[in-house]
Amino acid sequence: MTAAAMASLVAALAGCSLFSSDTRKPAQLEPNVALLDVKQAWQRPVAKANPTLVLNVTGNTVTAGSADGQLAAFNADTGAELWRASVGQRLAAGVGSDGEWAAVVTDGGYLVALKGGREAWRKRLASRVYTAPLVAGKRVFVLSADRSISAYDAASGEPLWAQAKTGDALVLRESGVLTAYQDTLVAGVSGRFMAVDPNSGSVRWEVPIASARGTNDVERLVELVGGVSRVGSSFCSRAYQMAVGCVDMDSARLQWTVKSEGIHGIGGNADVVVGADANGVITAWRRDTGSVQWTSNRLRYRKLSQPLVLGRSVVFGDETGTVHMLAVKDGSPLNRFGTDSSGISVAPVVAGNTLVVQTNNGAVYGFKPE
C-alpha cells in the first residue's frame, strides 16, 4: 500500500466509525400525520449508489451515477430517461454536469467526460478524488483528496492548469466543496474556503471555517465537506466533525462559525442553515448570526443524509430509506414516506417542482410536494 492510500483508508475508517458502526437504537418515530401533501411521480433504476456520489441538477435534468460506473440522466418532471451510459469502472466521485458535458472520476483514477451520454475523453489523474468535478465555462475542474485543484478543457480534455497543495498526513474520503461564485472558483481546502481564479489557478483569498487542532494526525484532520448552502454572496458549510460557518464571498469575510460535530453537509435558505450531528441531532442556526433557532432529537441515531431545505420544509433521508420532511421554522414533522428501504446516503435534490431522491440500491425517485 502506498502512503497516500493508507492515509485515505485511515481517514475513511475514522469517518465511518461515527456513522455505520453506531448500534444505538434509533429514535422511535411518532405516528405520521401528513401536514404537507407529497405524491410519488416516478421511479427509475440506476444501480447501487456510493456515498461520495451526488445527484446533479441542471435546469430540469437530474443526472445520477452508480458505484459500478453507470450514469443516467432523467427529466425531473416526468422521469423520462434522456440518456444512459457506462464508463466501465467503479466510480469514486461524480456526477458534475453543465447540461452539455458530464464528468465523473473512476475508482481507478480516471477523469471521464461525456457529452449526450457518449464518452468524449478520459484522463489519468495523479491523486485520488472523492469530490464531484465541477463543469462550468466549458471547463472541468477537479478537487483532489490531497487538496490540489486542476482544470481541463471540456471539449478536448487538455490540461489547462494545476494548483498543487502540500497534502496533509491524512485525507478525508468524503465529498468536499467545489463550486463557483460569479467569476470565481470556490473550493474547500483544509477547513478553509479558497477563492481561485478559474483562468489561471491563482489564489485570490482564503477564509477559515475551522483550523487544525490536536496533537496527532487524526485529531488535526480538518476539511470542509460537500453540501454548501448559498444565498446571494453568503456561503455556509460544515468542517468535518468540528464546526459550521458562513462566509461572505463579496467581502471575503467570515460571518460566523459555531461548534458542530456533524460529518455530512448542510442545507439552508435565506433565514436558516440546517444540519445534523453524527448522532442525528438536528440543529437550525440563524443565517445572519449563527445563533440556534431550534434543535430536534426526533431523528436521533437514524443515520441521516445531508439535508435539503425545500420551501417550508427541511428534507432528510435515513438508513431505512425513509424520507423525513420537517418544518424549517421549528423542526416539527410535516410528513414522511418510504422508498425501497435500502437507505439514503446521497443528498436529496430539487429540480423544478420535483424532489429527487436516490437510494443506496440505486433507485431514483421523483416526488411532487404540495
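**Close-up 1. The largest nonpolar core of this predicted model holds 16 residues.** Here a nonpolar core is a set of buried Ala, Val, Leu, Ile, Met, Phe, Trp, Tyr and Cys residues joined through side-chain atoms within 4.5 Å, and buried means under 20% relative accessible area with a 1.4 Å probe, protein chains only. The members that touch the most others are Val-315, Val-323, Met-325, Phe-337, Leu-355, Val-357 and Phe-367. At least two core residues come from each of β26 (308-310), β28 (323-327), β29 (333-337), β31 (354-358) and β32 (364-369), and β28 gives the most, with three. Strands are DSSP runs of E, at least two residues, numbered from the N terminus.

This is a predicted model, in which local features need pLDDT of at least 70, side-chain atom pairs count only at pLDDT 80 or more, and totals for chains, interfaces and linings use all residues. Residues are numbered from 1 along each chain as its sequence is written, and side-chain values use heavy atoms, leaving out hydrogens and water.

**Close-up 2. Meet the neighbours of Val-357.** Not counting residues up to four places away in sequence, Val-357 touches Leu-55, Val-323, Ile-344, Pro-348, Ala-363, Val-364, Tyr-365 and Phe-367; contact means heavy atoms within 4.5 Å.

**Close-up 3. A disulfide joins Cys-236 to Cys-246.** The S to S distance is 1.8 Å, and a disulfide is a pair of cysteine sulfur atoms within 2.5 Å. The link of Cys-236 and Cys-246 is right-handed, with 105° about the S-S bond. Cys-236 lies in strand β19 (residues 234-239) and Cys-246 in strand β20 (residues 243-248), so the pair ties together parts that are 10 residues apart in sequence. Both Cys-236 and Cys-246 are buried.

Key
Buried < 20%, exposed > 50% of the residue type's maximum accessible area, 1.4 Å probe, protein only. Helix = DSSP H or I, 4+ residues; strand = E, 2+ residues; numbered from the N terminus.
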